[in-house]
Amino acid sequence: MNNMSRGNMTIKVVSIITALSLFVLMFHENNAPRIRRQLMIDPRTVDTKIDTSLLNYPGSDIDNATTTTEYRVIVLTVWTHYPELLESHIASISTFLTPKNMEYICILNSHNPQTNQELMDIAERLNVTHLTVPQPESSRHDPSRHHANALEQALHQFLLNPQSPIQIQPDDILLLFDSDMFLLQPTSVEEILHHGQYSIATMLQRRGTLLSNTLVEYLWPNLAILQFSNPTMYNELGFFPMRLQVGNQTFNLDSGGASHSVVARTKQANRTRGMRQVDCSTQNDGHNNNDPSSILLLLKSQNWLWYEAQRNHPAIPENCVKPDLLGYNNDCKNIIYHLGSAGSNWRNCPEDYLQQQRTQLQQHLRQQMQQYNNNNRV
């Protein structure tokens, strides 16, 4: 074959490859999902590059807002159940959380594709950032690992990724806020952190004892507030459950266990604030709806609902239904309401009863937000 024939053959091959490439590109563009503020990651990704064809991030709604702080509050929440609560969840945070320069990020983490689609549709309609992370098959029957993996990937693939539009910045506040946590009154993360005095505020989980010099503490990733002036601290933060040897004892740490070293360091510097259940039962004797502690009206009705439920489900345990009030002091300020089993049903409670709880929560939340907005209308 002469050189001219070889040249013609090469041109034809290149032309065919080019045509096929254009066809594949056109097919991809015509069939690519229309993604708005949705972040997706490839489990094979090992570097910091983000596939921009899967990312359309128009910017935060607060980009042009006038704020008193230079940092954001990034609300990172994992959703596996009950899409009907998502809008109420976002509404409660938008209404009651301060400061207002906030970015809400929804992690779609259900085993059920239909649930993830419903969550995505709601997030799209509300124009909030949502992301999907790959889950290994090994986490399918391990809820703690499943939850931890979602947080780990969201943090390290996106919030710490210099290529990401939602990259966390120095002094940004990261609020890990599970889908069964709700705000029913004004809550300030700045106040909880004492305006920078603390780096971590969380419900500390514990293994071992101080007396035996085996105490291990780690954050509860369902509800934690983090603010580091140096974001590299997040690189040392882990959420996976783990086994830890302390002296001659071995402890099984639940979800959040891998954070124990960061918690120990911040506690040593007196920069960790522990949260606890609070009792506001003496704060609302007058049933004053103008009092933020009217949150207890819901607790009273929850208790009534439990007694009603026992008529239909005599064996229902009380811990199925008792909601938690979580806070940092006993003055009933900055209280966070934990819906508990009605938000994830990890206690396997009767579903019809839990549906009543969720419906009642949404009704009460609407009343609280309307009351608040009326009282604060300019």
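## Ala264 and its place

Ala264 sits in helix H6 of this predicted model. Is Ala264 buried, exposed or something in between? Ala264 counts as partly exposed because its relative accessible area is 44%, and partly exposed covers values between the 20% limit for buried and the 50% limit for exposed.

Let's look across the fold from there. Tyr218 lies 46 residues from Ala264 in sequence, and their C-alpha atoms are 8.0 Å apart in space.

## Helix H6

Helix H6 runs over residues 260-268, and its residues Val262, Val263 and Thr266 are buried. Viewed down the axis of H6, these buried residues fall within an arc of 100°, so they line one face of the helix.

What covers the buried residues of H6? The cover includes three strands: S9 (200-202), S11 (216-218) and S15 (272-274). After H6 comes Asn270, which has a positive phi, near 60°.

## The protein as a whole

Stepping back, the protein has nine helices and 18 strands. It is made of 378 residues, and 49% of them count as buried.

How much of the contacts with a separation of 6 or more comes from residues 24 or more positions apart? Such residues account for 72% of those contacts.

Note on methods: Residues are numbered from 1 along each chain as its sequence is written. This is a predicted model: local features need pLDDT of at least 70, side-chain atom pairs count only at pLDDT 80 or more; totals for chains, interfaces and linings use all residues. Side-chain values use heavy atoms; hydrogens and water are left out. Helices (H or I, at least four residues) and strands (E, at least two) are DSSP runs, numbered from the N terminus. Buried means under 20% relative accessible area, exposed over 50%, partly exposed in between (1.4 Å probe, protein chains only). Contact means heavy atoms within 4.5 Å. The arc is that of the directions from the helix axis to the C-beta atoms.
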